[in-house]
Amino acid sequence: MEEKVTKRVIGLMSGTSCDSIDAGLCEVNPDMSVKLIHGINYSYPEHIRAKLFSAFRGEISIKELCQLNFAVGKCFADAARILIEEFGKPDLISSHGQTVYHYPYDEKLDNISLKSTLQIGESSVIAKETGCTVISNFRENDIASGGQGAPLVCFADEKWFKNSLVQNIGGISNVTVVSDECETFGFDTGCGNLMIDYCVQKFFSKKYDHGGEIAASGNICESWLDCLLQDEYYFIEPPKTTGREYFSNKYTENILKTAPSDPADIIATLTALTAKTIAQAYERFVYPNVHADTVIIGGGGAYNKTMMKFLKSYLPKRLELKTHEDYGISNNFKEVMAFALLGYCTFYGIPNNVPSCTGANKRTILGKITY
Ligand SMILES: Nc1ncnc2c1ncn2[C@@H]1O[C@H](COP(=O)(O)OP(=O)(O)O)[C@@H](O)[C@H]1O
Ligand SMILES: [Mg+2]
């Protein structure tokens, strides 16, 4: 095998929230440590973002999806080019792409599996626009290996952290349990900011609840919260993943039928829901297996002060609540750094899925390389 050296890798990522393309120039080292040199949040042009949300609702044609794949590739390239103009060409670009559909279910038709995932943002466009080698399409090979194609960031968490619950709160929330007592495992705990964003947009015409201020101005409706906590997803044993396909706008509209009348109370309760489902997931699936005393929060939810306050109140007192920033890792660019590492491993042919997290039947090299 080629001897590994430090490489400069631009990680590109847009999550379920679709809030921005996060781009980060990283230095990835042979010991698997990653240093962020500079990161930017690049906004999609509004018409592309609108098209993506139409895609999430299943309201675009195959023709439009075909076009969107190339258009999103161009946006990802534009984000990368901002970093390239300032810092020069990297050795590699590693792109997660934009998930438009994720179907992690073991459903079969005539013995043909329907389990699948689709990340768009054509890697050929990124490669040609930037002149860089691009690693992309990580999730497919895990699914082809019997896994759910997610969560993939666990691979980085395992390298970077010790004896901690590494909790990401993006559109969806997911945890990686890194412990000396067992193999690393991880799963999606449930919704993160997705339903909050939808309702903040609907009732307050804002993109998100900055700092958790709206939630702080309302009251938790305990009876509605109890009702929301009954959703069957929260009771399923890991490995499990979820997404916009499940916690969809339709799902949100449906739960709103029984919501309290004050919109601020709705936001407060949905914020509590994310915090409570995280706490309950630990009680059900983590504490019975491992002793934990540190939770490290990352993702946009880490900036929601009300969510952090609720989470603190729901977690056992002995748990220390930290953020990635406490470890010198940006909350904002952590996933970008993780995908820079995944791309680095793909380049060197190092298996980079974690079967105990995704349910895959073996370790495998994820990703495709475009020259
Ligand atoms: N300053 C902030 N205050 C409150 N919430 C925030 C803040 N910044 C980001 N968020 C929330 O985090 C979301 C984006 O989180 P992110 O980790 O990028 O998720 P994803 O991976 O799904 O894109 C936003 O949609 C918003 O709900
Ligand atoms: Mg995001």
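Trainee: Which residues in H1 meet which residues in H2?

Mentor: Ile48, Lys51, Leu52 and Ala55 in H1 meet Glu64, Leu68, Ala71, Val72 and Cys75 in H2, where contact means heavy atoms within 4.5 Å. Those contact residues divide into seven nonpolar, no polar and two charged. Ala, Val, Leu, Ile, Met, Phe, Trp, Tyr, Cys and Pro count as nonpolar, Asp, Glu, Lys and Arg as charged, and the others, Gly among them, as polar.

Trainee: What should I know about the model and the numbering?

Mentor: This is a predicted model, in which local features need pLDDT of at least 70 and side-chain atom pairs count only at pLDDT 80 or more, while totals for chains, interfaces and linings use all residues. Residues are numbered from 1 along each chain as its sequence is written, chains are lettered from A and ligands numbered from 1 in the order in which they are written, and side-chain values use heavy atoms, with hydrogens and water left out.

Trainee: Back to the helices. At what angle do H1 and H2 pack?

Mentor: About 135 degrees, with the axes of H1 (residues 46–56) and H2 (residues 62–87) 11 Å apart. So H1 is oblique to H2; angles under 35 degrees count as roughly parallel, over 145 as roughly antiparallel, 65 to 115 as roughly perpendicular and the rest as oblique. Helices (H or I, at least four residues) and strands (E, at least two) are DSSP runs, numbered from the N terminus.

Trainee: New topic. Is strand E10 buried or exposed?

Mentor: Eight of the eight residues of E10 (residues 172–179) are buried, so the strand is largely enclosed by the rest of the structure. Buried means under 20% relative accessible area, exposed over 50%, partly exposed in between (1.4 Å probe, protein chains only).

Trainee: Which residues of E10 point which way?

Mentor: Ile172, Asn174, Thr176 and Val178 point one way, and Ser173, Val175, Val177 and Ser179 the other. In a regular strand the side chains alternate between the two faces of the sheet.

Trainee: What does E10 pair with?

Mentor: Strand E9 (residues 164–169) pairs with E10 in the antiparallel sense over six bridges, and seven bridges join E10 to antiparallel E11 (residues 182–191). Pairing takes at least two DSSP bridges between two strands. Valine 175 is the bridge partner of glutamine 167, and in E11 the partner of valine 175 is phenylalanine 187.

Trainee: And where is tyrosine 234?

Mentor: Tyrosine 234 lies in the loop between helix H8 (222–228) and helix H9 (249–256). Tyrosine 234 is buried, with a relative accessible area of 3%. Its contacts include Thr189, Gly190 and Cys191.

Methods. Axes are lines fitted to C-alpha atoms, for helices over the stretch in contact, and angles run from 0 to 180 degrees between N-to-C directions. Lists of a residue's contacts leave out its neighbours within four places in sequence.
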